[in-house]
Amino acid sequence: MTTTRPDARERQFVLGPEKVRATILTTGAETGGRHDFTDSWLPAGSMTPLHLHTRYEERLWVVSGSLTVWAGPDKVTLGSGDYYRIPTDVPHTIRSGPEDTHALHISTPAGFAELIARAGTPAHLDTPDTEFDAELFMAVTTELGDVVLGPPGTMPADLANGQGA
């Protein structure tokens, strides 16, 4: 059996206003939908909107730097070599530490890599003038069963206080 290695350039994207750089290592199509696997660089201090996934869970592994994850009632700071699992339907947000963070991400079943590929900008086309297409991001997010609950800075505890989106 011969395996053809995909062109890495076709799998490198920039996502969000924070300009997260992500490389899709394995797609759902390549695993029969069981999972996908991405390699990401998050700029220092960048933060995701508060959100949840209805169709897949996330697994994060920090290669270098740090991530703080607020997931449901939990808050955990991950450093190099640390791992964390975020179950489906759990409101969460993630912030990179004071330095750029390199992390690996697995979604099970597959889902996150599709969001990157469909809503991200191919890295080779990204320029300082490239604008984030929030409308496209929200359309793809909704189609994939993700729910944005609030802007960056909104915490899971804010939902109990009526402060979400």
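Student: What makes Arg85 partly exposed?

Tutor: Remember that this is a predicted model. Arg85 has a relative accessible area of 40%. Buried means under 20% and exposed means over 50%. The 40% of Arg85 lies in between, so Arg85 counts as partly exposed.

Student: Why is Glu57 called buried?

Tutor: Glu57 has 12% relative accessibility. Buried means under 20%, so Glu57 counts as buried.

Student: And what is Arg59 called, buried or partly exposed?

Tutor: Arg59 has 23% relative accessibility. The limit for buried is under 20%, so Arg59 counts as partly exposed.

Student: How do you know that Glu57 and Arg85 meet in a salt bridge?

Tutor: Their side chains are 2.9 Å apart, N to O. The cut-off is within 4 Å, so the pair counts as a salt bridge. The pair links distant parts of the chain. Glu57 is in strand E5, residues 57–64, and Arg85 is in strand E8, residues 83–86. They are 28 residues apart.

Student: What makes Arg59 and Glu57 a salt bridge?

Tutor: The closest N and O atoms of Arg59 and Glu57 are 2.5 Å apart. That is within 4 Å, so this pair qualifies too. Glu57, Arg59 and Arg85 are linked in a network of salt bridges.

Student: Why can side chains pair in this way?

Tutor: Side chains of opposite charge can pair when their charged atoms come close.

Student: How many salt bridges does the structure hold?

Tutor: Six. One of them joins Arg118 and Glu143.

Student: How do you know that Arg118 and Glu143 form one?

Tutor: Their side chains meet at 2.9 Å, N to O. The limit is within 4 Å, so the pair is a salt bridge. Arg118 is in helix H1 and Glu143 is in helix H2, 25 residues apart. Arg118 has a relative accessible area of 32%, and Glu143 has 45%. Both values lie between 20% and 50%, so both residues are partly exposed.

Student: Which residues of helix H2 are buried?

Tutor: Phe137, Val140 and Thr141 are the buried residues of H2, which spans residues 134–143.

Student: What do the buried residues of H2 pack against?

Tutor: They pack against strand E1, helix H1 and strand E12. The face turned away from the buried side carries the exposed residues Glu135 and Thr142. After H2 comes Gly145, with a positive phi near 85°.

Student: Which residues have a positive phi although they are not glycines?

Tutor: Lys19 is one of them, with a phi of about 60°. Asp89 is another, with a phi of about 65°. Lys19 lies in the loop between E1 and strand E2. Asp89 lies in the loop between E8 and strand E9.

Student: What makes Lys19 and Asp89 partly exposed?

Tutor: Lys19 has 28% relative accessibility, and Asp89 has 46%. Both fall between 20% and 50%, so both count as partly exposed.

Student: Where is there a cis peptide bond?

Tutor: The bond from Thr108 to Pro109 is cis, with omega near -15°. Pro109 is found in the loop between strand E10 and H1.

Key. Residues numbered from 1 in each chain as written. Predicted model: local features only at pLDDT ≥ 70, side-chain atom pairs only at ≥ 80, totals over all residues. Heavy atoms only, no water. Buried < 20%, exposed > 50% of the residue type's maximum accessible area, 1.4 Å probe, protein only. Helix = DSSP H or I, 4+ residues; strand = E, 2+ residues; numbered from the N terminus. Contact = heavy atoms within 4.5 Å.
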